[in-house]
Every structure is written in structure tokens, then in C-alpha cells.
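Start by looking over the whole chain before turning to single residues.

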Amino acid sequence: MKKTKTDSIIREYIYLDNLEVNSILAQFEDGIPKVIEEIKQSTESNTEGTTGKMSTKANGGLQAGVKGEVSFGGELGTNNSETNSDMYQEAISTVYHDYAVNIMTDELEEHGLLKLTTKQPEGAFVQLKSNFELIDPVSVSSNLDNDIISFMLSFADGDDGDTISAKEGFSSIAQFGNLLNSLFPDSILIKTNNALSIAEKSNFRMNTVQLKSLVLSKRKITIIGKIESLITEESLNLDAITNNLETNPALFTSLMPTFSFTILNTLNLIKKDDRLIKPIAIYFE
């Protein structure tokens, strides 16, 4: 059945790991070639419109004794062509990466490798659609300095005791943000049903201010990614490690990861049996 315009769904990509997409496509026989061929077919007609143009204009005549003017628009046409070419190449690059996600998911589905639930083993590819909470550790810590806290409290009603308590509360939040930023540097945390995605900040298509607007969003988010690990009772048992470090120094390598996820558990961002996901693409539709 042919789709109508009203049936079409436009995805709003907010995150894309191009390296992972290309890596997955490269491991399928017709992955990347299929992307290139389909993009080439869909844009080939536009290529003709971006080639160089030369224009000439003649006023008067060119016969002997007859004054005339001849102007060539070659330089202007070349510059315009170069601009169009740059814009064209940029558009192709964007289309390639976004459309490559479609080909990637088709290939994974065709081979039975893409699952729609979190109840999967480590290493599984998943496509999850869910309500979400977004946590930017840098935003939490950097936005609550002493000046901002004092400014916010200047509008509050209450006695000095309430003001001091509120200031201590804001300071604790800022310190907690600094701790999260130390544990998960250059990362954005996205909590969804039974999963936590740890996303690399540089792969987002939104700046820090735009990311803040997502905190208020009520839309469901779609995350395509890979399950890296499973949260177990052992991975949240910090005491078991600290109490045995003296007799088993090798446990030191597990100390900071366990501490990190214990903190997230305290914040109710993860719980036992949740999955930790490395996202490949994140979008709204």
C-alpha cells in the first residue's frame, strides 16, 4: 500500500554515532554499497542542477567599426557553482548518515539481530521506544554556583533558618552534579524503561541549552543501541568490594564502576536487572 503524505513520519534525530553506524553496515555484504547506491539514485537528478554555468551577454554588435559590449558571466557562474557544490556535498553527507540508520536497522532486522525489548543478553542490539529522563551532569553542577543560589533565594519567603537550609540543599545538588560529572565525563545519561543509556556528548545534534529543553519534553524517545552490560545485585554491592579489598586487591578495578552505579541506584536512575546501553541513534518521531 502506497504511503500518503499524512502517513509519512519525519524523524528528529538528536544523536547519531556515525562511526558505529558505518561499522555495522561494513559487516553486512550489501550494507554501505546499498546506502551509497540509493542515495546516488535519489540525488542524481539534483547533481545536474549544481554544475557550473557560463552566461554571456552582448550589447550592440561585433562588426568592424561598430561599438559593442560583451560580458561573460563565467566567474560569477563558477562561484555560484562552487557554493552550490559545497551545499550539495553537505546535504549528501547529512542524508547519507541519516538514511544509513534506516539501512542499518533493516539489515539487523533481516538477520534477526534487532530486538524491541530490554530483556536481552549483553551484546544484543535493541530499538527501544519509551518515556525518558535526561540528566546532564555538567548542567546540574555548573548552573548552581553561589551567585545563582543567592539570587534564587532572594525571591524566597521565610526566616534565616529556612534560607540557610535551602542554600545547603542547592549546594548539595551542585556537589552531586560535580560528582556525576567526574564519574561520567563528557556524557549525557538517558533513563528509559528498564535501561540507562550513556551517550557521548559530542554525538548530539543539540547544544547544552537545547538539551535542557528536553527535560520538559513529554514525548517518547526512540533509542537504537547495544546492550553493554546488565545491572546485577553484585554490581550494586559496594560494601562487598570495600570489605574485601585488603585480602583481594584485584577488586580495586571494580571499585569505581561499582561506586558509579551505586550512586545512580541511589538516584533511582538504575535498579537491579536494568540494562546499560551504548546508543547508536536517538530520535523522536
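A residue is called buried when its relative accessible area is under 20%, exposed when it is over 50%, and partly exposed in between, using a 1.4 Å probe and the protein chains only. By that rule Tyr13, at 11% relative accessibility, is buried. What is shown here is a predicted model, in which local features need pLDDT of at least 70, side-chain atom pairs count only at pLDDT 80 or more, and totals for chains, interfaces and linings use all residues. Residues are numbered from 1 along each chain as its sequence is written, and side-chain values use heavy atoms, with hydrogens and water left out.

The protein has nine helices and 10 strands. Helices (H or I, at least four residues) and strands (E, at least two) are DSSP runs, numbered from the N terminus. Of its 285 residues, 35% are buried. The accessible surface comes to about 17800 Å², and carbon and sulfur atoms hold 53% of that surface. These areas come from the Shrake-Rupley method with a 1.4 Å probe, and for residues only the protein chains shown count as cover.

Tyr13 sits in strand 1. A contact means heavy atoms within 4.5 Å. Beyond its neighbours within four places in sequence, Tyr13 is in contact with Asp98, Val101, Asn102, Arg205, Ala281, Ile282 and Tyr283. The side chain of Tyr13 also makes a polar contact of 2.9 Å with the side chain of Arg11. A polar contact is a pair of N or O atoms within 3.5 Å; within protein, one must be able to donate a hydrogen and the other to accept it, and residues adjacent in sequence count only if both atoms are side-chain atoms.

How far apart in space are Tyr13 and Thr222, which are 209 residues apart in sequence? From C-alpha to C-alpha the distance is 9.6 Å. Thr222 belongs to strand 9, residues 221–230, and is buried at a relative accessible area of 3%. Leaving aside neighbours within four places in sequence, Thr222 is in contact with Gln127, Leu128, Lys129, Ala281, Ile282, Tyr283 and Glu285. In the protein as a whole, among contacts with a separation of 6 or more, 75% are between residues 24 or more positions apart.

Next comes helix 1. Its span is residues 18–26, and its buried residues are Val21, Ile24 and Leu25. Seen down the helix axis, these buried residues fall within an arc of 100 degrees, so they line one face of helix 1; the arc is that of the directions from the helix axis to the C-beta atoms. An α-helix has 3.6 residues a turn, so residues three or four places apart point the same way. The face turned away from the buried side of helix 1 carries the exposed residues Leu19 and Ala26.

A nonpolar core is a set of buried Ala, Val, Leu, Ile, Met, Phe, Trp, Tyr and Cys residues joined through side-chain atoms within 4.5 Å. The largest such core has 17 residues, of which Val21, Ile24, Val101, Met104 and Leu108 touch the most other members. Strand 1 (12–16), helix 1, helix 3 (74–110) and strand 10 (275–284) each give two or more residues to this core, and helix 3 gives the most, with five. Leu108, not counting residues up to four places away in sequence, touches Ile24, Phe28, Leu113, Leu114 and Phe125. A second, separate core has 15 residues, including Tyr15, Ile188, Ile190 and Leu211.

Asp136, between strand 6 (133–135) and helix 4 (137–142), is buried at 7% relative accessibility. Its side chain makes a polar contact of 3.2 Å with the side chain of Lys201. Asp186 lies in the loop between helix 6 (160–183) and strand 7 (187–192) and is exposed, with a relative accessible area of 59%. Asp186 has a positive phi of about 55 degrees although it is not a glycine.

Last, consider confidence. pLDDT is the predictor's confidence in each residue, from 0 to 100. Its mean over the protein is 75, and 61% of the residues reach 70 or more. Over residues 49–66 the pLDDT stays under 50, and the model has 29 contacts beyond four places in sequence for them.
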